[in-house]
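Reader: I am new to this structure and would like to go through it with you. Could you show it to me before I ask my questions?

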Amino acid sequence: MTAAAMQARPPQTPRHSADQVREILIVDDHPLMCDALALTLKISFGLKNVRTARSLGAALDGIRAQGAPDAVILDLNLPDARGAEGIVTLRRQLPDVPITMISADMDSAMISAAMAAGAQGYISKSLGREALVDSLRRMWEGEHVTPEGYAPDQACAEDEAKAELARRFATLTPQQMKILRLICQGKANKEISYDLSIAEATVKTHITAIMSKINARRRTQAVLLANTVRLFEAG
């Protein structure tokens with residue numbers, strides 16, 4: 001794939017104009033990448049305020065303390081969130097803010113999962129400056145931008161199933177997401193209750209809701225489904 005080439009789906013009604021994007025949040029745990037991206041955005045868009053966070057938790061803390069940014073650029077792999085978890089969590093906090101996933105992973109299933117979970121676009125970390133700026137501008141005008149060669153309409157049945165599954169995971173509450181993460185780590189209800197400082201009965205109630213939302217009958221199936229869309233591990 002040509003790193004600089006990107007394609008766009010037909011534009012939807014813009015939630016933002018690119019000219020209205022004044023404050024951006026970059027969530028990336030690589031300092032050099034984060035600083036270089038921040039500098040590029042400041043120069044290219046004339047931004048005075050580019051916020052950065054090194055983890056998903058830090059991003060959420062910043063949102064609570066400083067309010068919602070106008071746009072977010074999110075790394076696929078973070079110390080506390082890998083795979084689709086980051087976009088699922090941020091989309092719940094920022095329902096109307098365009099979120100761009102940035103990664104070196106161009107796997108079509110990962111792109112499908114991210115887009116299904118609510119990403120405005122998915123771009124490569126290897127993009128040149130002009131292609132990066134152009135892609136972000138189009139996303140902030142309302143387009144859904146994905147890498148060249150990614151064709152959701154031609155995706156295989158397996159990829160489509162993964163995208164639908166990602167949409168189901170996006171319905172989980174933050175607490176349910178925490179519990180599912182612990183289930184995927186092999187923890188029993190009693191251990192989850194201790195870790196989250198909640199009653200074991202509450203854990204069971206949440207697990208019942210999780211199973212219903214993702215259409216799973218057993219814990220092992222829930223773990224398998226989470227792994228299928230790489231919810232907690234991007235590979």
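Reader: How many residues does the protein chain have, and what share of them counts as buried?
Author: The protein chain has 235 residues, and 49% of them count as buried. Buried stands for under 20% relative accessible area, exposed for over 50%, and partly exposed for values in between, with a 1.4 Å probe and protein chains only.

Reader: Before we go on, what kind of model is this?
Author: It is a predicted model, in which local features need pLDDT of at least 70 and side-chain atom pairs count only at pLDDT 80 or more, while totals for chains, interfaces and linings use all residues. Residues are numbered from 1 along each chain as its sequence is written, and side-chain values use heavy atoms, with hydrogens and water left out.

Reader: Which secondary structure does the protein chain have?
Author: There are 10 helices and nine strands in the protein chain. These are DSSP runs numbered from the N terminus: helices are H or I with at least four residues, strands are E with at least two.

Reader: Let us take strand β7. Is it enclosed or open?
Author: Strand β7 covers residues 99–103, and five of its five residues are buried, so the strand is largely enclosed by the rest of the structure.

Reader: Which way do its residues point?
Author: Ile99, Met101 and Ser103 point one way from β7, whereas Thr100 and Ile102 point the other way.

Reader: Which strands pair with β7?
Author: One is strand β4 (residues 71–75), which runs parallel to β7 and is joined to it by four bridges. In that pairing, Asp75 stands opposite Ile102. Strand β8 (residues 121–124) also pairs with β7 in the parallel sense, over four bridges. Two strands pair if DSSP finds at least two bridges between them.

Reader: And how does the chain get from β7 to β8?
Author: The chain passes through helix α4 (residues 108–116), in a right-handed β-α-β crossover. Right-handed means that, with the strands pointing away from the viewer, the path from the first strand over the helix to the second runs clockwise.

Reader: A change of topic: how many aromatic pairs are there?
Author: The count comes to one aromatic pair. Phe45 and Trp140 form this tilted pair, at 4.8 Å centre to centre with 50 degrees between the planes. Rings of Phe, Tyr and Trp (its six-membered ring) pair if their centres lie within 6.5 Å; planes under 30 degrees apart count as stacked, over 60 as edge-to-face and the rest as tilted.

Reader: What does the pair tie together?
Author: Phe45 lies in helix α1 (residues 31–45) and Trp140 in helix α5 (residues 129–140), so the pair ties together parts that are 95 residues apart in sequence.
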